[in-house]
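Let's take a walk through this model, one region at a time. Have the sequence and the 3D view open as you read.

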Amino acid sequence: MQTELTEEQCRDLLQRELAGELPDAHGRFGPYGGRYAPETLVPALERLEAGIREHLNSADYQAELGAELREWVGRPTALTHARGLSARWGADVWFKREDLAHTGAHKINNALGQALLARRLGAKRVIAETGAGQHGVATAAACARVGIPCIVYMGEVDVARQAPNVDRMYQLGAEVVPVTGGDRTLRAAIDEAFRDWVADPEGSYYLLGSAVGPHPYPYLVRELQSVIGREARAQMLELAGGLPDAAFACVGGGSNAIGLFYPLLGDAGTALFGVEAGGRGPGLGDNSATLATGTPGVLHGSYSVLLHDRDGQIQETHSVSAGLDYPGVGPEHSLLKAIGRVEYISATDEEALEALRECCSSEGILSAIESAHAFVGARRWARDNPGKRILIGLSGRGDKDMPTLSKVLPRPAGAQ
Ligand SMILES: *Cc1c(COP(=O)(O)O)cnc(C)c1O
């Protein structure tokens, strides 16, 4: 497949992206995206596409979603002036606080929006998969609120290492199904969830957790997460005195980043940066820096950039943050990189942990390790571009990371 774009094609694709014309009728973002799904799944995806067309932009659905985002999720989330970091970095730094959203991260925006859609489509149950458990918790909460039974597939390795999130899902009324086949982690869980959906495509709704997967998921997730960027853009104008010169977000599958970036794409004066997990370093299997080091291919139903070897085998990945530890990335990010509208960089485990600590002590905010990757990118840029206005997507809170943090950032000597 041809992925090298001419200058003219890049200009044309940017124009269409800004006009809201992407994905196109085939679910493509330029060369990326599409629907590479088994025959058996296609009717379910087509039904979902028709359901989105009917409901997503209807006044009725939007009113219901808006009310729930306000009353239950706690939106709009705050825009916080990071005064301590501004002084330290010689910049004007602002945080969009998704850590303050219900269940502690941006994932609830998507889970709630899709659960409300599932109910409108007449689904009797919701299926989801989860790796670290954050998407499972958000989905369990949203399904409880909306009143639909929820089944979460999770690799048995992850069930063992993410016990607190498994308990949260049970408390919220979800059923957690440990997956014993395949790699017994996220990839096997995704396969199992798809299998379940194929068996009952009319009664079940498959609630995907990031801006990845076959069309129409990348589109649906972007639409539901764009509330982050719409709010942040208006808040910057109102509170910060203008649009940011640069905006940063961490990128796993890419949902919080596309949510922040999409409403800012047309602001040519705002440089956009996605920050991936550089892990232990650039070696094979040591990171999850998909866009920085990957090549195009098909994973989980969509054509995008991914980490695989010449034989098409998906590479092992590593990141200290479970939420960024994924060998693929959403197809819209692959396009935004190809046409040069967003730049993708990476931050190592060590840099992210150090930045997390700096944010804790300067701002009194314990962020997720995922979000701290964005701080690293912003700090680096601030060094080369003094005195600029910077917006950072703070995707989630760090409470879930305490077991990791207490291991790698031990208490000071002498503390009990
Ligand atoms: C899941 C997660 C991410 C990564 O997912 P995206 O789809 O790339 O946004 C980032 N931050 C937090 C706090 C998460 O829970």
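Before we start, a word on terms: two strands pair if DSSP finds at least two bridges between them. Helices (H or I, at least four residues) and strands (E, at least two) are DSSP runs, numbered from the N terminus. Keep in mind that this is a predicted model, where local features need pLDDT of at least 70, side-chain atom pairs count only at pLDDT 80 or more, and totals for chains, interfaces and linings use all residues. Residues are numbered from 1 along each chain as its sequence is written, and side-chain values use heavy atoms, with hydrogens and water left out.

With that in hand, look at strand 11 (residues 295-299) and strand 12 (residues 302-306): they run antiparallel and are joined by five bridges. Pro296 has Val305 in strand 12 as its bridge partner. Two residues sit between the strands of this hairpin, and His300 takes a positive phi near 50 degrees there.

Now for the ligand. It is surrounded by 16 residues, and the closest are Lys107, Ser210, Gly254, Ser255 and Ser395; a residue counts here if one of its heavy atoms lies within 4 Å of the molecule. By class, this shell holds four nonpolar, 10 polar (Gly is placed in this class) and two charged residues. Taken alone, the ligand exposes 380 Å², and the protein buries 97% of that (areas by the Shrake-Rupley method with a 1.4 Å probe).

Ser395 also leads us to Glu370, which touches it along with other residues, including Cys250, Leu324 and Asp401; contact means heavy atoms within 4.5 Å. Glu370 lies in helix 16 (residues 369-384). Is Glu370 buried or exposed? At 9% relative accessibility, Glu370 counts as buried, the cut-off being under 20% relative accessible area (1.4 Å probe, protein chains only). Its side chain makes a polar contact with the side chain of Lys400, at 2.8 Å; that term takes a pair of N or O atoms within 3.5 Å, one able to donate a hydrogen and the other to accept it.

Last stop: helix 14 (residues 331-338). Six of its eight residues are buried, so this helix is largely enclosed by the rest of the structure. Among those buried are Pro331, His333 and Leu336. Just after helix 14, Gly340 takes a positive phi of about 80 degrees.

Note on methods
Buried < 20%, exposed > 50% of the residue type's maximum accessible area, 1.4 Å probe, protein only. Lists of a residue's contacts leave out its neighbours within four places in sequence.
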